[in-house]
Amino acid sequence: MEHFYLSLLLLFVSFVTLSLFVLFYRHKSNYSAPNLPPGKPGLPIVGESLEFLSTGWKGHPEKFIFDRIAKYSSQVFKTNILGEPAAVFCGAAGNKFLFSNENKLVTAWWPSSVDKIFPSSLQTSSKEESKKMRKLLPQFLKPEALQRYIGIMDTIAQRHFASGWENKDEVVVFPLAKRYTFWLACRLFLSIEDPNHVAKFEGPFHLLASGIISLPIDLPGTPFNRGIKASNFIRKELVKIIKQRKVDLAEGKASPTQDILSHMLLTSDENGQFMNEMDIADKILGLLIGGHDTASAACTFIVKYLAELPHMYEEVYKEQIEIANSKAPGELLNWDDIQKMKYSWNVACEVLRLAPPLQGAFREAINDFIFNGFSIPKGWKLYWSANSTHRNPECFPDPLKFDPSRFEGNGPAPYTFVPFGGGPRMCPGKEYARLEILVFMHNLVKRFKWEKLLPDEKIIVDPMPMPAKGLPVHLYPHKA
C-alpha cells in the first residue's frame with residue numbers, strides 16, 4: 001500500500017512539474033519572435049497583470065505606463081496582461097497608429113469573460129455585436145437627433161435633484177451620480193421614468209457592472225457569478241418590455257421615434273432582416289452599461305474639482321445662472337442653451353483629461369506589422385492608455401495643473417485628448433455624454449455650493465476612477 005501511495009505522489013509531482021514546464025515553455029515561446037519591443041513578460045499566466053491593476057487601486061494608473069516608458073526609453077513596450085502577450089502603445093503617435101489602422105492591422109478585443117456576462121443570442125462574439133451596434137447607433141446619437149431629448153434630460157435632472165439632493169445638508173455624490181445617469185438612460189433608451197421601475201433594475205445592474213471588472217471565477221457567491229445572474233435577470237426583464245412595446249407600436253400607443261428601443265424594433269439591416277427580441281435585449285443591456293458608468297464618474301469628478309477650485313466654480317456658476325435667468329418659469333433647457341455652456345464644457349473636458357473614465361482599451365493584431373521599428377506579431381493584444389498623453393508634459397504642459405483654458409480655440413493637438421477613444425471606434429455616445437454632463441452641471445450649480453467632507457479622500461481606479469468613500473459633500477443651497 002505504501003508503494004501505491006508513493007507512486008501516486010510521484011505521479012502527482014511529475015504532473016505538476018510537467019504542467020509548470022509547459023506553462024513556462026508556452027510563456028517563453030510567446031516572446032521568441034525577433035525584434036520585439038523592449039519589456040518583460042512577467043510571470044506565466046498572470047504576467048504583469050497584478051502590477052497593472054494595483055497601480056490603479058492605489059490611484060495612479062499612469063505609473064505602470066510611465067515607469068516603463070522611462071525604463072525602456074520607448075513609446076511601445078511588451079508585457080503580459082490578463083494572461084495575454086501584449087504591447088502597450090504610448091503617446092499621440094501610438095494612439096494615431098491604432099485608431100487609424102482599425103480593421104486593417106488591428107481589431108477590437110475583449111477578454112472572453114465579457115462574452116459570459118454579455119452572451120449574444122446569435123452566438124456571435126462581443127466584437128461582432130459591437131460592429132452591428134455601431135452601424136445602428138449614429139442615427140439616434142448624432143447631435144441633431146439628440147436635440148429633441150434635451151428637455152427630457154432637464155426634466156429628469158430636476159426630478160433627480162428634487163428627490164436626492166434638495167433639503168439635505170450632506171450627500172454622497174458618486175451613488176447619486178450613478179442614479180442620475182441610470183435614470184436618464186432608462187428614460188431615453190426604454191421610456192422608463194417611474195423611479196420604482198428604474199429602482200427594480202438598479203440593484204442587479206450594479207451587480208452586473210461589478211461582475212464585468214471582477215476576476216472571471218464562476219463560483220457561487222463570486223462577483224463574476226453574481227454578474228452573470230444579474231445579466232440574465234435584466235435580459236429577461238428587457239424581453240418583457242420589448243414584447244409590450246411591440247404591442248404598443250402596433251396599436252399606436254407608442255411612437256416610432258420615442259427612444260432607442262422603438263428605433264431598434266423598426267430598423268432592418270441591409271438584408272431587410274429585423275432583430276429578434278433577445279438580440280435587442282443584448283444590445284440595450286450593452287448601451288445601459290456604456291451610457292451609465294462613464295458619465296457618472298465624470299459627473300462625480302466635476303463635483304470634486306469644483307469643490308477644490310472655488311474660483312472656477314464661480315465662473316461656471318456665472319455662465320449657468322445667466323442661462324437660467326434667461327428662461328421663463330418652467331421653461332426647459334434647449335440646444336441653444338447647451339451651446340452657450342462653453343466654459344462649463346472646458347471644465348468638464350479638463351476633468352475628463354485628469355480623471356478619464358475610460359483609462360484605455362485593448363485591440364488585437366490581425367496581421368504581423370512593424371511599429372517604431374519593432375515587430376508586433378499577429379494575435380498579440382495591444383493596449384492604448386489615455387494617461388500616456390493626458391498626463392504627459394509634452395502633450396499638456398504642467399499636466400497636473402487643472403486648467404480649462406487648454407480647450408479654448410483649437411484645443412489640444414490631435415490624438416492627445418482621447419477620453420472617448422478615437423478613429424472608427426470612437427465612443428458613439430460622445431455627444432450624449434456631453435449633454436448629460438452639461439445638464440447635470442446646470443442643475444447642480446444653480447442650486448448649490450458645496451464643500452468636501454473628506455479633504456484628502458483617496459481616489460481608486462478599478463477600472464474607472466472613483467473616490468474611495470463616494471465623495472461625501474456638505475451642501476449650501478443658494479438663497480432664492
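Does L43 count as buried or exposed? The model is predicted, and in it L43 has a relative accessibility of 56%. L43 therefore counts as exposed, the cut-off being over 50%.

## Nonpolar surface patch

L43 is located in the loop between helix 1 (2-29) and helix 2 (49-57). Together with I45 and V46, L43 makes a nonpolar surface patch of about 280 Å².

Five strands form an open sheet with mixed pairing, in the order 1-2-8-5-3. Strand 1 (76-81) and strand 3 (106-108) are at the edges; each has a single partner strand, so one side of each is without a neighbour in the sheet. On average, neighbouring strands of this sheet are turned by 35° against each other, direction ignored.

Within this sheet, strand 2 (residues 84-89) and strand 8 (residues 381-385) run parallel and are joined by four bridges. A87 has L382 in strand 8 as its bridge partner. Helix 3 (residues 62-72) lies across strand 1, strand 2 and strand 8, and runs at about 130° to strand 1.

An open sheet of three strands has the order 4-12-9 and antiparallel pairing. Strand 4 (170-172) and strand 9 (448-452) are the edge strands, each pairing on one side only. From one strand to the next, the twist averages 35°.

Strand 4 and strand 12 (residues 472-477) run antiparallel, joined by three bridges; V171 stands opposite V473 in strand 12. Helix 15 (residues 293-308) packs on this sheet and touches strand 9 and strand 12. The direction of helix 15 makes about 85° with that of strand 9.

Terms used: Residues are numbered from 1 along each chain as its sequence is written. This is a predicted model: local features need pLDDT of at least 70, side-chain atom pairs count only at pLDDT 80 or more; totals for chains, interfaces and linings use all residues. Side-chain values use heavy atoms; hydrogens and water are left out. Two strands pair if DSSP finds at least two bridges between them. Helices (H or I, at least four residues) and strands (E, at least two) are DSSP runs, numbered from the N terminus. Axes are lines fitted to C-alpha atoms, for helices over the stretch in contact, and angles run from 0 to 180 degrees between N-to-C directions. Contact means heavy atoms within 4.5 Å. Patches are made of residues with over 30% relative accessible area and no salt bridge: like charges are joined within 9 Å, nonpolar side chains (Val, Leu, Ile, Met, Phe, Trp, Tyr) within 5 Å. Accessible areas come from the Shrake-Rupley method with a 1.4 Å probe; for residues, only the protein chains shown count as cover. A salt bridge is a side-chain nitrogen of Lys or Arg within 4 Å of a carboxyl oxygen of Asp or Glu. Buried means under 20% relative accessible area, exposed over 50%, partly exposed in between (1.4 Å probe, protein chains only).
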